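Hello,

Please find the structure below, followed by notes on what was found in it.

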Amino acid sequence: MMIAIFALVLWGALWAFNVKLAGWLSDRYARIAVPIVFGLTLVVMVELLVIGLNVSFVILPRPSEMVVRLFTSYEMLWEDFVQTILKGALTGYVVGCSTALLVAFLASWSDFLRRGLLPLGNFVAALPVVGLAPIMVMWFGFGWESKAAIVVSMCFFPMLVNSVQGLAATNAIERDLFKTYAATPLQQLGLLRLPAAMPFILNGLKVCTPLALIGAIVAEFFGSPFLGMGFRIKTSVGTLSLDLVWAEIIVAAIAGTGFFGLLLIIERSLTFWHPSQRR
Amino acid sequence: MLAWLSRSVLPVATIVAAIIVIWYAAAIPMNSMRTYMMAPDDAEISFSELVSDTWSQKKPQLPLPHQIVREVKKQATFSWIWKEKRRGYKRSLIYHTWVTLSSTLLGFGLGLVLGVSLSLAIVYSRVMDLSVMPWVITSQTIPIIAIAPMIIVIMAPMGLTGLMPKGVISMYLSYFPIVIGMTKGLRSSDPILEDQMKTWSATAFQTFLLLRLPSALPYLFPAMKISLAAALVGAVVAELPSGARAGLGARLLVFSYRSETIPMWANLVSAAILAGLLVVSFGMLERALNRRLGFRTAGEVSS
């Protein structure tokens with residue numbers, strides 16, 4: 001009980017520290033330091049509360065136990081990572097997003113196609129496409145191919161809607177200017193439409209990142225070889241080795257956040273001119 | 001009228017028709033393996049026989065639209081309401097859709113409360129903005145399906161089983177669009193109007209109630225629409241690891257183990273109908289509210 005009370009006191013102290021920190025530091029450093037302190041506070045709080053309140057291991061392991069497990073069984077975790085994230089999610093993500101981009105290019109030339117695809121795409125993007133996972137497992141087998149297939153179908157429509165909107169984002173004056181320069185359609189695409197569409201395309205890529213991870217892991221619940229993150233989570237919950245489950249969650253979190261961060265860096269360097277990127 | 005038909009209905013109808021044609025065509029090669037397997041060794045199968053067989057199998061690889069529609073009609077019975085003891089009710093699609101809908105709505109409600117309160121804290125406290133906002137974004141890059149079993153495990157000893165953990169899992173996906181939309185909306189009030197409120201010596205609460213909240217609503221409604229769709233995905237996903245017996249996601253798992261493809265697709269279609277109904281009915285609500293509050297249609301405000 002003492003430890004639990006200590007945890008709450010520590011919470012208050014670190015929060016006060018954060019308030020001070022937000023005041024001291026200039027905006028640029030505060031934006032990095034404050035969330036890190038906040039995150040660490042949370043982890044320490046959970047650790048102390050789990051010890052203090054005698055929470056059983058089969059309900060919530062201590063964060064330190066999760067991290068230890070992360071290092072002791074890193075080989076297994078790495079294999080799962082390769083199977084689910086690199087083979088399943090990333091392949092599907094690349095294929096799905098690039099196909100959507102291609103279809104969007106086609107649609108940008110035909111007004112008819114655009115009018116037909118945009119409402120449909122908007123509707124399908126609101127559907128729980130993840131439900132197709134068992135069908136993909138049936139069609140493409142238990143291997144990573146079925147995981148890639150469900151990721152393709154989940155990423156395609158959100159990406160398509162964003163790209164079609166982006167490629168239509170130029171206005172008539174800009175297009176007229178390119179006409180007076182006697183630009184070929186390809187030049188117009190490469191020099192005008194594509195750069196103007198970039199913020200939308202990157203937004204689509206960002207929306208698809210968590211979808212790809214969810215799709216690849218969900219599909220493993222419907223059938224997988226004896227490895228993969230979803231498979232490991234499913235079986236480890238059954239054998240109550242919850243520290244392993246949490247280690248998988250940490251891996252998934254690092255993978256998702258890392259990829260998202262990469263996209264943010266790309267966004268900053270490609271669309272530095274966009275109002276949302278101004279500082 | 002004619003112009004509207006040819007501008008918006010015709011393109012969509014053309015693409016839907018193309019999809020259906022491709023669907024029927026694709027079913028022939030995809031289902032043909034079973035036809036050849038069931039036929040005697042030296043039998044010649046003519047094309048018309050092939051077509052009629054692949055379009056009417058019991059467990060096809062790719063069920064046809066007419067088979068799915070027939071299945072939906074057959075399973076969408078209300079019999080579970082008044083004849084609970086009859087065996088058939090466990091298969092009623094409407095029953096399972098209702099189960100999923102209830103956790104969707106609970107998740108959406110929880111997400112709305114969490115999202116709005118978080119965004120209020122973020123707008124009114126710089127420390128909250130600095131410390132919580134990055135973690136809100138990070139939370140969405142962590143796949144919910146990985147955490148879902150843990151949420152169930154943690155909530156079970158607190159006596160929370162069944163609907164509640166599913167609602168919380170669905171909340172994890174649905175609170176995010178609300179935080180983003182509401183924060184943007186609360187910050188979107190016109191600075192001139194804020195100064196005006198100050199000259200009227202309005203209290204902070206009055207400024208919030210009379211200026212900030214109304215100007216946030218056009219951002220909140222589209223966010224709520226996205227969040228509703230996300231809540232449905234969360235509800236379906238939540239049924240997979242929870243060992244639930246009822247609900248569209250749980251049924252998908254059962255049918256996939258038995259490779260009963262037509263019921264599987266019927267389930268998917270009812271999930272799609274549910275999503276469509278939710279979004280359309282919410283859109284109507286939004287339009288009615290906006291008209292009452294005197295806003296322009298929120299479609300012009302992108303979130």
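In chain A, 76% of the contacts with a separation of 6 or more join residues 24 or more positions apart; two residues are in contact if their C-beta atoms, placed from the backbone, lie within 7 Å. This is a predicted model, in which local features need pLDDT of at least 70 and side-chain atom pairs count only at pLDDT 80 or more, while totals for chains, interfaces and linings use all residues. Residues are numbered from 1 along each chain as its sequence is written, and chains are lettered from A and ligands numbered from 1 in the order in which they are written.

Chain A has eleven helices and zero strands (DSSP runs, H or I of at least four residues for helices and E of at least two for strands, numbered from the N terminus). Its C-alpha atoms fill a box of roughly 75 × 55 × 30 Å along the principal axes. Of its 279 residues, 40% count as buried, meaning that 20 or more other C-beta atoms lie within 10 Å of the residue's own, with C-beta atoms placed from the backbone.

Chain B contributes 44 residues to the contact between the chains, and chain A contributes 49 residues. On the side of chain B that touches chain A, helix 6 of chain B gives the most, with nine residues.

Leu232(B) is among the residues that touch the most other members of the largest nonpolar core, which has 126 residues (buried Ala, Val, Leu, Ile, Met, Phe, Trp, Tyr and Cys joined through C-beta atoms within 7 Å). Not counting residues up to four places away in sequence, Leu232(B) touches Pro128(A), Thr104(B), Leu274(B), Ala275(B) and Leu278(B).

Regards

Conventions:
A residue is buried if 20 or more other C-beta atoms lie within 10 Å of its own, exposed if 12 or fewer, and partly exposed in between; C-beta atoms are placed from the backbone.
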